[in-house]
Amino acid sequence: MIKKTSAVVYLAIALAFWMPQTALADSRVVASIKPIHSLAAAIMDGVGEPALIVKGFESVHDYQPKPSDAKLLEEADVVVWIGPDLESSISTAIRNLSKNAISVELSEVDGLTLFGFRESHVHHDEEDDHGEEGEEDEDHEGEREDDDHGEERDEDRDMHEEGELDMHVWLDVSNAILMADEIARALKVAYPQHSDLFDSNHKSLLENLHDLERELEKQADSIRERPYIVFHDAYQYLEKSLGLESVAAVTLNPTITPGVGQINEIREAVIETGAICAFAEPQFNPGILKIVGEGTELEMGMLDPLGYDVEAGPNAYFEIMRNMLTALRDCLT
C-alpha cells in the first residue's frame with residue numbers, strides 16, 4: 001500500500017515537470033500562415049504543435065486579427081512570420097511582443113532569394129526569364145547553387161527598406177530550406193531542453209525539402225514553355241525557381257480592382273502570347289479572370305499558395321507546393 005502510494009506520488013511529480021515543457025512549446029509558438037506553420041510543425045514534431053493565425057479563406061493581405069490572435073501573440077515565446085510587408089495587420093502586435101519573446105522574421109534571413117515587385121501586370125516582355133538577370137528582380141544576398149538570378153544590387157537594398165519586395169518567398173523551396181534553418185535555431189534558443197529532437201527533425205525536414213525541390217523541377221519539365229496568366233502576381237518565386245512562363249497578372253495588388261484599360265491590356269497579352277490558362281485563387285473572386293478570357297480559348301485553373309484547403313501540420317508545405325504543380329500541369333497540358 002505504501003509502495004503503491006509512493007509510486008503514484010513519484011509519477012505525479014514526474015508529470016508535473018514533464019507536462020509544462022510540452023505544453024509550453026505547444027501553446028507558445030505561433031506561426032502566421034500555413035506554409036511556414038508547416039515548417040515549424042515539422043521541426044517541433046514530438047514536442048508540440050505551433051498555433052496558426054491565418055487558418056481559413058481570409059487573404060493574408062487584408063486579414064483582420066481576432067481577439068484570440070492577440071492573446072496568442074501576447075503569450076508567445078516564439079512568433080514565426082514573413083514580415084510586415086505581408087502580414088501587415090498583425091505586425092504591430094508582433095512588434096510589441098514581450099521582451100523575452102523571439103520574433104522570427106523570415107524575410108530577413110541571410111542568403112534568402114528576394115525579388116522586387118514586377119513593375120507591370122503584363123510581364124511577358126520583361127527580361128525576367130529563369131537564369132537571366134532582370135533590371136529589378138535580382139537576388140538579394142542569394143547564394144543558390146546552379147542559379148543565376150544575379151548579384152545583390154543597391155536597388156534591392158533600397159526596395160527592401162521601402163517595403164517594395166515581393167514577400168511570397170516560401171514559393172521557392174530553396175528559400176524554405178533557409179527559413180527552416182532559422183526556425184530551428186530560434187526553437188532551440190527558446191526550448192533548449194528539446195534541442196536534440198529539434199536537430200533530428202530539422203535534418204529530416206531538410207532531406208525532404210531537397211527531395212521536393214528535385215521532384216518539382218522534374219514535374220515542371222513538360223510545362224516550361226507554356227504561357228499562362230494569374231489573378232495575383234504572387235508566383236515569381238515559383239516561376240523563376242522552376243523556369244515557368246507567366247505572362248501577366250490581372251492585378252499586382254489583390255485588394256485593388258483593375259480598370260477597363262488594364263483588363264484590355266491583359267487580353268492583348270493573352271492573344272499575343274497564346275496563353276493557355278488563367279489561374280484564380282480560392283480567396284478572390286474569379287469573375288475578372290473570366291472577363292479577361294471572354295472570346296479566347298483560355299482554360300481556368302486554381303492556384304492556392306497558402307493552402308486554404310490543406311490540413312495544417314508538418315506535411316502542409318509539401319502538399320501546397322505539389323498541389324500547385326499539379327494544378328499547373330492539369331491546365332497547361
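Three aromatic pairs are counted in this structure, where rings of Phe, Tyr and Trp (its six-membered ring) pair if their centres lie within 6.5 Å, and planes under 30 degrees apart count as stacked, over 60 as edge-to-face and the rest as tilted. The model is predicted: local features need pLDDT of at least 70, side-chain atom pairs count only at pLDDT 80 or more, and totals for chains, interfaces and linings use all residues. Residues are numbered from 1 along each chain as its sequence is written, and side-chain values use heavy atoms, with hydrogens and water left out.

**Aromatic rings**

- The Y228 and F279 pair is edge-to-face, because the ring centres are 5.5 Å apart and the planes stand at 90°.
- Y228 belongs to strand β7 (residues 228-232) and F279 to strand β9 (residues 277-280), so the pair ties together parts that are 51 residues apart in sequence; strands (E, at least two residues) and helices (H or I, at least four) are DSSP runs, numbered from the N terminus.
- Both Y228 and F279 are buried, meaning under 20% relative accessible area with a 1.4 Å probe, protein chains only (exposed is over 50%, partly exposed in between).
- Y317 and F318 also pair edge-to-face, at 6.1 Å centre to centre and 85° between the planes.
- Y317 and F318 are buried as well.

**Nonpolar cores**

- The largest nonpolar core has 83 residues, and I82 and L209 have the most contacts inside it; such a core is a set of buried Ala, Val, Leu, Ile, Met, Phe, Trp, Tyr and Cys residues joined through side-chain atoms within 4.5 Å.
- Helix α11 (residues 316-332) gives the most to this core, 11 residues.
- Another core lies apart from it, with 18 residues, including A248, I263, V270 and V292.
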